[in-house]
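Please read it with the structure open.

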Amino acid sequence: MAAPGLLEQARGLTREQRNAFLAAWLGWAMDAFDFFLVVFVLSDIAKEFGRSTTEVAFLTTVTLIARPVGAFIFGIWADKKGRRIPLMVDVLFYSAMEVLSGLAPTFTVLVVLRFLFGLGMGGEWGLGASLALEKIPPEKRGFWSGLLQQGYPVGYLLATLANFVVTPYLGWRWLFVLGAIPALIAFLIRTRVGESEAWERTQEKVELTKVGPRQVFLQPAVLRRFAYLIVLMTLFNFMSHGTQDFVPTFLKEDFAASTGTVTVVAIIYNIGAIVGGAYFGALSERFGRRRTAAGCAILAIPVAFLFAFSPALGLVTLGAFLLQVLVQGGWGVVPAHLAELSPDEVRGFYPGVTYQLGNAIASFNLPLQTALAAAYSGSVALAAVIVPVLVLTAAALLLGPEARGKVFGEVPSARVH
């Protein structure tokens, strides 16, 4: 049977399936929105609290450190008690931390609030993706996985626009207050979403087999896969951050680009990211998760040189657009790939923790590229990180496992004695 095309994958979801997906997408978009808000307003926060920008940059570090912890805490809860309630509590928690961040009276209080926010955001991606993808039919996962992952560039795009529109008039604090709105919308949508049927079937399986999440996770094969996925997610996050985080600085310093120009370029390459994720996610139903994402990484290698070493801003913008089509095209398979490689009993924490640990390790990207730029040039800083990571990502994918089309929560037949 031929794999369904993009339109076939996009159509036919029930209202509950659409609501589960939309809530996960909004939560993921808010994650990116918040992360890049801090990047855009570092100098504003530093000025208000009398701190250096280096000190204020620590806010992103504490958030990233907290995210794996949050993924573990909320993930364990979700594997024991179901996806729905932990997700709703998680959304309310990080929404409150987001609003309070905008009201922080001191820098120390802001650091604590960003750590707490990181705990909440750590739980959002893994649980939201698991609930959404457990409800979506297996043959449609590719497209919806790609679309889900592109909540991130949409969040980046919205943060760019919000900073451009809101900060000059209302200041940085209002950005954080407004940032809670998508999360609260996600909460309201989730009140209309039932529990994951795959999780309920998994509880039946646990009753039959008497093998719970702890025993499953401690199996050697499951632990080896867990370690492999942390490595894979580290590479994926280096691939993403390596092609995004340093770009505004690169454009300003190497091309004397204004804030308006940087905004336009960011909009253009984030549009590329959105298109790439949905397209290649859908394509992975035909060619497989590994081969599709590895192909994106390989095709991105020559584009990375165009992006990093072009002498004209127009060519750099073209390179950035094409690079994000491919980088985020590869990322489009990640939610489905991680969910399918996760044992049913631990799908609440397994994808989220591997992703968030990889993201935390990749948080060294920006300091690394900044140091390389200071020692050599912005072009070298970009290429020296991006190209090796693309090669390693393709290799890790092609050498790793795949479980495309896996049926979640299958209950084994009772044994006849």
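The points below cover the annotated domain, the aromatic contacts and the salt bridges.

1. Ground rules. This is a predicted model, in which local features need pLDDT of at least 70, side-chain atom pairs count only at pLDDT 80 or more, and totals for chains, interfaces and linings use all residues. Residues are numbered from 1 along each chain as its sequence is written, and side-chain values use heavy atoms, with hydrogens and water left out.

2. An unreviewed UniProt entry lists residues 20-404 as "domain: Major facilitator superfamily (MFS) profile". Such annotations may be inferred rather than shown by experiment. Over residues 20-404 the chain is 84% helix and 0% strand. The end C-alpha atoms of that stretch are 21 Å apart. Helices here are DSSP runs (H or I, at least four residues), as are strands (E, at least two), numbered from the N terminus.

3. Aromatic pairs. The whole structure holds 25 aromatic pairs. Rings of Phe, Tyr and Trp (its six-membered ring) pair if their centres lie within 6.5 Å; planes under 30 degrees apart are stacked, over 60 edge-to-face, the rest tilted. Phenylalanine 250 and phenylalanine 307 have ring centres 6.2 Å apart and planes at 65 degrees, so they pair edge-to-face. Phenylalanine 250 sits in helix 14 (residues 247-255) and phenylalanine 307 in helix 16 (residues 289-309), 57 residues apart. Both are buried (under 20% relative accessible area; exposed is over 50%, partly exposed in between; 1.4 Å probe, protein chains only).

4. Ring cluster. Look also at Trp28, Trp125, Tyr152, Phe236, Trp331 and Tyr355, which ring pairs link into a cluster.

5. Charges over a ring. Arginine 141 lies over the face of phenylalanine 408, at 3.9 Å from the ring centre. Arginine 347 also lies over the face of phenylalanine 408, at 3.9 Å from the ring centre. The rule: NZ of Lys or CZ of Arg within 6 Å of the ring centre and within 35 degrees of the ring normal.

6. Salt bridges. The count is 17, taking a side-chain nitrogen of Lys or Arg within 4 Å of a carboxyl oxygen of Asp or Glu. In one of them, arginine 173 meets glutamate 48, with the closest N and O atoms 2.7 Å apart. Arginine 173 is in helix 10 (residues 172-190) and glutamate 48 in helix 3 (residues 42-49), so the bridge ties parts 125 residues apart in sequence. Glutamate 48 is partly exposed, at 42% relative accessible area.

7. A buried bridge. Arginine 114 and glutamate 98 form a salt bridge, their closest N and O atoms 3.4 Å apart. Arginine 114 is buried at 1% relative accessibility, and glutamate 98 is buried at 0%.

8. Network. Salt bridges link Asp79, Arg83, Glu134, Lys205, Asp344, Glu345 and Arg347 in a network.
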